[in-house]
Amino acid sequence: MQVRFWGTRGSIATPGPATVRYGGNTSCVEVRSDSGEVILLDCGTGAHALGQALKEQAKACSGHILISHTHWDHIQGLPFFAPLFAPGNEWHIYGPRGLGQSLQEVLAGQMEYAYFPVALNAFAATVHFHEVVEGGLTIGDVRIATHYLNHPALTVGYRIEADGATLVYATDHEPHSPDAGCGHAGKEETGDIAHLDFIRGADLVIHDAQYTAAEYPAKVGWGHSSIEYVVDAAIAANVKHVVLFHHDPARSDDAVDQLIAKARQRASDAGAHIEITAAAEGEAINLHGQQEPKFSPFMPSSLVNPASDLLKELILIAGVSDEERAILNEAAEADSIPSVLVATDKVAEALASGHPSLVFLGDADSAVDPVLLCQKLRSVNGDGRDVPIIVVTEQANVSAERGEVAGVTDWLTRPFSMQYARSRMRAWLMRSMLRWRKAALPQNEEERLEAVHKLGLLDTEAEERFDRHTRIAAAALDAPIALVTLVDRDRQWFKSHKGFDFSETPRDIGFCAHAILEDKPLVVTDALNDDRFAENPAVIGDPRVRFYAGIPLHTSDGARVGALCIVDHKPRTLSSTQLKMLQDIAKLVEEELEQPLGADVAHIERVPMGS
Ligand SMILES: [Zn+2]
Ligand SMILES: [Zn+2]
């Protein structure tokens, strides 16, 4: 694919003699795949010249515009993008799904009569609007993953895989940890680890680099990265080439030159071999590779429409200072979401009765450790299991691992502005509004994993002694798919898979990961009617699960290591006789679990039946 920069500046267009080389237009990047897909990343003022160029090249042109967020510097070129005004053209515009107004309404806002002479509905081209949440989508042979960035407006980054190469577009983004922003690599916060994963291994990363670490302390909370952070993150994530982007309007060409030199010095001091350049208007980069796509076929769709009824949402806030309470309250109110303050010792009760959509736990009360409290709440059965719980804290207290074990969904680090809290609240709510829950971690997860690994079965060859049971289960219960699943740390691995071609799927989308939470069978008669599964990628995409019945598989010590399950593509039920049959087969599978590898071929004397 080819990448070409038409706008590189952040915040506001800055034409003039001091910005001739790196450019004065705001964010707009053109991506063309070898197969001819035209994709624009953002539509800042740079889109005007691109539109003219496209108009000259072809009579009709069509393509896709991926918008990171709707701040002016990312959308102001849209009303001046000529291909949208030519009949016969077809354009698709993507942008983050908001809570109140639709993407189309927000974009129409800047073209209202008072601001612009032509309304959005005057586009002569056929224009389709697509609202995205975190997940994946495809445009022809181009695969795209979306990921929320950290910015005072709900913002998505795009990871684009095509032609054997990977490009990540990540602007506007601020690291969650202010220390990281200052260029002090330390313990990363959860969001920063997720960000590293998002850019990991990319051939080219176009990254927000508006400030220097020296400027950053005065700009904490403005939603942008320092160059030092970008260099550190790109090195840590094994990126091949990072392009500094979203140049500060105050930065002259000479100043950008100096920053590149500093950035390269920082990388070489760290002993890293990484290419660092600054985005320059008009510059093109060709990207080709032999990389296997990392895009999972089981990626959730980013085009689902979360079922949102904001007035039914409720935000619980506990253990924060009055000042923070006021900020969180204002943020919730701005999106018309009711919020209530509860005492930390009343959270469990409120959780059980209030059906909140989001819980904030702070550490303002020094007697209460919010991480411990979260763990306690997670251990209670019931609705409280799924609710996102956000811990409000100083980064010094943050321990990502401890938080994960305790079931902390995410962290909100002080200091935070109302705009910040609001955009992050939107992201958490958007994620939780999806009718799809990843399974909770069992309380004894580490011991359970130990038991799974001790079996010695993971990543071994298929064996007849397991396959015969999935064959029998599928035939006896007339199901197209039957699996013997082991639930590993991050995946479901199938010791036997009948009617399903994959040897593993991510744990996050796994039904068996739910089945191991209890001793009793898990039967989902129609996944589309079940809030835990309705928008699961395995339900809305292949293998299109509608019905699932799983029996947890135990070791002799009682550890629930996996499940025997059957899956169907249509809703159905199991009679009690059928369920009993599945349980009987599961018992037979359990008997094989702890046999030494290859027990299949060993001659095991069996006492004849009936004797
Ligand atoms: Zn911007
Ligand atoms: Zn912005």
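The legends below describe close-up views of a predicted model.

**View 1. The site of the zinc ion (ligand 2).**
Four protein donors, His69 (NE2), His71 (ND1), His151 (NE2) and Asp172 (OD), lie 2.1 to 2.7 Å from the zinc ion (ligand 2). The angles among the four donor atoms run from 91 to 170°, and the site is irregular. A tetrahedral assignment would need all angles between 85 and 135 degrees. Along the sequence, the donor residues follow the spacing H-x1-H-x79-H-x20-D. Histidine 71 sits in the loop between β4 (63–66) and α2 (72–75), and histidine 151 in the loop between β8 (142–148) and β9 (156–162), so this pair ties together parts that are 80 residues apart in sequence. Histidine 71 is partly exposed, at 31% relative accessibility, whereas histidine 151 is buried, with a relative accessible area of 2%.

**View 2. The site of the zinc ion (ligand 1).**
Asp73 (OD), His74 (NE2), Asp172 (OD) and His246 (NE2) coordinate the zinc ion (ligand 1) at 2.1 Å. This site is also classed as irregular, with angles of 89 to 166° among its four donor atoms. The spacing of the donors along the chain is D-H-x97-D-x73-H. Aspartate 73 belongs to helix α2, and aspartate 172 to the loop between β10 (165–170) and α4 (178–181), so the pair ties together parts that are 99 residues apart in sequence. Aspartate 73 is buried at 6% relative accessibility.

**View 3. Aspartate 172 between the two zinc ions.**
The zinc ion (ligand 1) and the zinc ion (ligand 2) are 3.5 Å apart, and aspartate 172 coordinates both. Aspartate 172 is itself buried, with a relative accessible area of 2%.

Seven of the seven residues of β9 are buried, so the strand is largely enclosed by the rest of the structure. Val156, Tyr158, Ile160 and Ala162 point one way from β9, while Gly157, Arg159 and Glu161 point the other way. Six bridges pair β8 with β9 in the antiparallel sense, and threonine 146 stands opposite tyrosine 158 of β9. The pairing of β9 with β10 is also antiparallel, over five bridges. Alanine 162 has alanine 165 in β10 as its bridge partner. The hairpin formed by β9 and β10 has two residues between the strands, and aspartate 163 in the turn has a positive phi of about 55°.

**View 4. The surroundings of glutamate 134.**
Glutamate 134 is found in the loop between β6 (126–132) and β7 (135–139). With a relative accessible area of 17%, glutamate 134 is buried. Its side chain makes a polar contact with the side chain of histidine 147 at 3.4 Å. Not counting residues up to four places away in sequence, glutamate 134 touches Thr146, His147, Tyr148, Ser301, Ser302 and Arg431.

Strand β15 (residues 315–318) is joined to β16 by three bridges, and isoleucine 317 has leucine 341 in β16 as its bridge partner.

**View 5. Threonine 460 in its loop.**
Threonine 460 lies in the loop between α13 (445–454) and α14 (464–476). Its side chain reaches the backbone oxygen of leucine 457 at 2.5 Å. From C-alpha to C-alpha, threonine 460 and threonine 171 are 43 Å apart in space, and they are 289 residues apart in sequence.

Methods
Residues numbered from 1 in each chain as written. Chains lettered and ligands numbered in written order. Predicted model: local features only at pLDDT ≥ 70, side-chain atom pairs only at ≥ 80, totals over all residues. Heavy atoms only, no water. Donors = N, O, S within 2.8 Å, 3.2 Å for Na, K, Ca; no water. Tetrahedral: all angles 85-135°; square planar, octahedral: opposite > 155°, others 65-115°. Helix = DSSP H or I, 4+ residues; strand = E, 2+ residues; numbered from the N terminus. Buried < 20%, exposed > 50% of the residue type's maximum accessible area, 1.4 Å probe, protein only. Pairing = 2+ DSSP bridges. Polar contact = N/O pair within 3.5 Å; in protein donor to acceptor, adjacent residues only side chain to side chain. Contact = heavy atoms within 4.5 Å.
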